Amino acid sequence: MVVLVYLPLMGKERSGLTYPSTIKMWLNLLILAAFFLRVYQIEAFGFWIDEALTPLRASYSISDIFRGQVFIQGVASQDTHPPLYYLLIHLTQSLSGSSDFALRYPSALLGALLVPLIFQLGRRLFGYRAGLAAALFVAVNPLQIWYGQEARMYTLLMATSTVTLYLLWPMVRKRSWRAGSLPGYLSAAALMLATHTSAILWITGHALLFCWIIWPERRGKLVVVTGVILGLAGIASLPWTVPRLFTGAEAGYTYLPPWIMVSDLFTGFPLGITLPAWPVLINLFWYGFVFATGFALWLLWQEKRERLLSFVAINLFSIIVVLAIVSLVKPLYQGIRHIMMAFPIWIVLMGYSGAFGVEWLQVQKFQRAHLLRGITGLLTIVLLLVGGAGSYYRLRTDPTVGKDHFREAVAFVEAQAGSRDLILYNDSIAMLIHLHYGTRADVDLTALPTYPLFATEDLDETLQNLTSSYDRVWFFPGPPNDGRDSGKIVQSWLNKHLVRLSSNPFFSRGTLLQVILFDSRPAAVEASENVSWSADGWPKLRGVTFLESTPQNIWLELYWEEFSFSPEQGVKLSLVGREGREWAVTQRPMLPMASPAGFSQPRRMFQFPLPEGLPPGEYDLFGQFIVDGSIAASDPLLLDKIVFEAPTSFTSAKAAFGPLELLDVDIWSEEIRPGYLIPIAPIWRTATDQFEPQGYRYNLAVIDPTGRTVFDVDKSPGPGWLTTWPAHTPIRDPLGIQIPADAPAGDYTLRWEVTDAAGNVVQAGGTSLWNRTQLAMGELSVDPWPIVSEMPPLENPEAAVWGDFAHLRGYNLAQDAHTLQLDLVWEVTGVTEQNLFVYVHVLDQETGEIATQQDWFPVGGLRPTNGWRPGEFIVDPHTLSLANLPAGEYQIAIGLYEPTTFDRPTAVENGVDLPDQRLILQEISLP
C-alpha cells in the first residue's frame, strides 16, 4: 500500500490548468491535515466496549490471536474477527505500550495513509482533479476521523479495500485479467478478508466483475478460473467467516431492511456518526447526497462510460445487496461500519462530481452547456465540507455525541469506593473496560452472571454470599447484550435485599451506563459511639459509626431512635480545620433511594467525599439538619474529631524537579509477587507559594534487576482539581503499577522524569552531587512465589509425566449443572525454558470434538512454566462453563503445549506414551 502512495504523478489534466507538481504540494498538505485531525484529541474519549477487546486479544500469544480466543473470567470464548488487525496491535503494543494513544495511533496513521490511497484510486478512475478532490473529502471526512481515533480495524479495512479497487480496475477496463496485477489484487483481497469477516460479502460482488473480465475470452474454463480466483482470495478468511456465517444470531444484531443500509450510506458516509446539530437540515443533506450520487452515475452513463459505471455501481451497492440477502438467514448489519468497504468508491465518485464544479469555475466564461454539472459539482463540495464541518464541530463541542463515558465511570467508582467495597458488573464484557482503566488492587471486581453462564434464580445464594462480605456494592446494571440476564435477575435481587443509596448515570450511545451504590451491611448492627442530638420535628440521633476513612472519602453511619423522615429532610456534613476554614461540605437526603421490604433498622450510611490533597492536621466533623436544602433551626453537632496524618514525616526532600519536590514513595503492599498490580503513591510537595501544576507531567518507569523496563506510566502530578498547590504541604498521588507474570524476582527500581508546561525535561537534583534528567528513587522487592514442598490433599491421584519437568500427581474435581471446577496438582521435577499453556478440554465422547475448553498459562497466568522450580507443588485451578452443553457423556482431557508453535512435550503414563500427548482424566455426565 505504501508503494501506491508514491506512484509517479505523470501527465496533465485535459484542461492543462493543473500540473502534477501543484498536485503533489496539495496532496502533502492534505496528508498532514488528515494526520492532525486524527491525532488531535485522540484520547478525548475513553474506550467503548468493542475497543476494550483490542488490548485484551492483542496481548495474547500469536497462536491465540490466530485462533481468536479471548479469555473472560477465566473462560475461553471466540472472537468473531480475523487476526490481521490484532497482530498489528500485538506488534505496536509490545513497542509502545497499551495506553489509549498507543492503541489508537495505528488507526490514525492508517487514516492519514488513506488520503493518498484515495487520491491514487480517484486519479486512476477519473483523473488528477477528481483524485485530489476525493483526497480533500476523505481528509476532513468526520466518519473517517471517528474511526481514525478508534482502536478497531476499520481504517485498515478501508486501506485494503481501496487497494483492491485500484488493482481491479485495469482488469475491468481492458476486460482481461492479464491487464492488471492479479497477484497484487489477490494479496490485497486476502489482507482485507483477514481484517474483517464482512469483507467476503463485498468481494462476492467482484465475482460479477471477474466473470465480465474473462467472458470475452470465450474459454470453456470460465467457471473454473472464476472459482479459482475467488477461492484464492477467500481462503485466508475461511477459518473466521464460515463459523460466523453459520452459527446462531449474535448479541445486538437484529434484521434491518435494505433501505436502512441505503439511508446510512447517504448520511453516514458524508456526515459520520455525529450528525450536525441541525435536525431540520439533516433531510436536506440526505436528499442532496442522493442527488449528487445519482447525478454522478448519470454523467458516467451520458459519457458512455458503461464499463466504469458498472465498476462503480457494483462496488457501491453490492455489499448492501449481498448483506441484505445474507441477513435474511442471519442478521449481520449493525451500523455504518459494516458497509464501509463501499466508502472508497463513493468518496471517489463525489470527487468526480466535485471536480466538475472546480473545472466549471476555472473557465473564463461559465459554459451554459455544462451549467447543470457545474452547479451539481459545487453543490457536492458545499454539502460535503459544510455537513462534515458541522458533524466535526458537534463532536468536539457536544459531550452528548461522543463515545460511551466508561472511562469516566471507572474513574468515578475508583475514586469513591472504600477498601471494603465490591465493584459488580452485570455484563462481563463491559468489565473488560474496567480491567483496562482500573488501577486499584484493593477493591474487588467481578461480574454476574459469570461468563458465559445465564442468570437464573440459583444466583440467590451466590449473591447473598458475595454481598455479605462487603460494606457496599457499586453495581453497573448494563445488561449483557447476549441476553444472559434478560430478566434483570441480578439487579432485582440487589433491589430486593440491599439499601439503594445513590445512582449516577453516565453518557452512553448504545448501552445503559449507570453506577448504582448499594449499602450491603446487615440491618442488625449497632453504633460504635453514642451521641445525643435532637431538634423539633426530628427523631433523636443516638449514635454514629465511622466505617472507613480513605484519602478519597469518609464513610459513616448515623443511628436514630426511629427512622421517620420525610423526603425533604436531610443532613449537612462539614469538615472544618483548626483555622475555622470549611474544607469540605456535603448534603445528603435522609431517605435512601430505596430500601428492601421489611428494612426497619433506623440507620443510614453516608459518603463524605474529601478533596484530594487535603493537608494533614486535625479537623472537626459537624452534622446539621437541613430541610429542602436549607439549614434547619438547630445548632451543628460535633460528630467527631478526625486527624489526618501526614503521609510520612519528612525533614528534607529526597529529590527535586525544579519547583516540585518528591518526598517519598508510599508502596501499599509489602508482599509483591510476579503478576501483581501494586498500588503506590508518590508524595509531592512544593516550596513555592504559587505553584501551578498545569502542564507538568512525570514519567515513572519500573526497572527490573536486569535493567529492563517492565512498566511505565505518564501522568500529571497531584489531583486535577487542585490548580494551585499550598506551600510545604505533602500531596499524595495514588496510582497502580503492574509487575509482569514472567518478571524475575529481585529488587526493582522506580525511575522518575519530569517535564514542565513547555514540554522541557526538568533537571533532577537530589541526594547526588550532580543534576540529571532522570532520577532513581524507590524500590520494589519482588519476592518469588513461596515453594510448596508438601503435596496438597488429592481426591484423584494420577501418575502422568510431561517432559522431564512436570509430574501430574492428581486433581480435585467439582461439578454442578453449569460449572466444572478442576484443580490440577503438579509436582515440578525439572526445569524448562518454555512458557507452556495448560489446556483442559471437555470432549464429546461420541465424536471426540471439543465441547468447551480453557487454554492458558498455569494459575491464571501467574505461574508460567519457565518459572517453575524443582521440588515444588503447584495447584493449578481451572473453571469451565458447562452451560448450554447438551445432555450426554463427556471426557476431560488435559495436556501442555507451546502457544506459538503448538509443540507438545512428550507425555508418559506408567511408562507408556500417551496418544496426542494428552491425558484423559475421567468421564462426566450431563443431564
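Does N910 count as buried or exposed, and at what relative accessibility? At 64% relative accessibility, N910 counts as exposed; the cut-offs are under 20% relative accessible area for buried, over 50% for exposed and partly exposed in between, with a 1.4 Å probe and protein chains only.

This is a predicted model, in which local features need pLDDT of at least 70 and side-chain atom pairs count only at pLDDT 80 or more, while totals for chains, interfaces and linings use all residues. Residues are numbered from 1 along each chain as its sequence is written, and side-chain values use heavy atoms, with hydrogens and water left out.

**Overall make-up**

- The protein has 22 helices and 36 strands. Both are DSSP runs numbered from the N terminus: helices are H or I with at least four residues, strands are E with at least two.
- Of the 927 residues in the protein, 53% are buried.
- Among contacts in the protein with a separation of 6 or more, 71% come from residues 24 or more positions apart. A contact means heavy atoms within 4.5 Å.

**Helix α6 and its two partners**

- Two packed helices are described by the angle between their axes and the distance between the axes. Axes are lines fitted to C-alpha atoms, for helices over the stretch in contact, and angles run from 0 to 180 degrees between N-to-C directions.
- Helix α6 (residues 100-126) meets helix α9 (residues 154-174) with axes that come within 9 Å and cross at roughly 20 degrees. That makes α6 roughly parallel to α9. Angles under 35 degrees count as roughly parallel, over 145 as roughly antiparallel, 65 to 115 as roughly perpendicular and the rest as oblique.
- The crossing of α6 and α9 is left-handed. A left-handed crossing has the near helix turned anticlockwise from the far one by less than a right angle; clockwise is right-handed.
- On the α6 side, the contact residues include L110, L114, L117 and L121. On the α9 side, they include M158, V163, Y166 and W169.
- The residues of the α6 contact with α9 divide into 15 nonpolar, five polar and two charged. Ala, Val, Leu, Ile, Met, Phe, Trp, Tyr, Cys and Pro count as nonpolar, Asp, Glu, Lys and Arg as charged, and the others, Gly among them, as polar.
- Helix α7 (residues 128-139) packs on α6 at an angle of about 150 degrees, with the axes 7 Å apart. The pair is therefore roughly antiparallel.
- α6 passes α7 in a right-handed crossing. Contact residues include V115, I118 and F119 of α6 and Y128, L132 and V138 of α7.
- The contact of α6 with α7 divides into 12 nonpolar, two polar and one charged residue.

**Strand β19 and its neighbours**

- Strand β19 (residues 677-686) is mostly covered, with nine of its 10 residues buried.
- Strand β18 (residues 660-667) runs antiparallel to β19, joined by seven bridges. Two strands pair if DSSP finds at least two bridges between them. D666 has A681 in β19 as its bridge partner.
- Four bridges join β19 to strand β23 (residues 735-738), again antiparallel. Here I678 stands opposite I737.
- Two bridges join β19 to strand β22 (residues 731-732), also antiparallel. I683 has R732 in β22 as its bridge partner.

**The six-stranded open sheet**

- Six strands form an open sheet in the order β32-β29-β28-β27-β34-β35, with antiparallel pairing. β32 (873-881) and β35 (912-913) are at the edges with a single partner strand each, so one side of each is left without a neighbour in the sheet.
- Strands β28 (residues 806-815) and β29 (residues 819-828) pair over nine bridges in the antiparallel sense. N812 stands opposite D823 in β29.

- Most residues other than glycine have a negative phi, and most peptide bonds are trans.
- A cis peptide bond joins L448 and P449, with omega about 0 degrees. P449 is in the loop between β4 (444-447) and α21 (459-467).
- Another cis peptide bond joins Y451 and P452, with omega about 0 degrees. P452 is also placed in the loop between β4 and α21.
- F902 is not a glycine, yet has a positive phi of about 65 degrees. F902 lies in the loop between β33 (888-897) and β34 (907-909) and is partly exposed, with a relative accessible area of 42%.
- N910 has a positive phi of about 55 degrees and is not a glycine either. N910 sits in the loop between β34 and β35.
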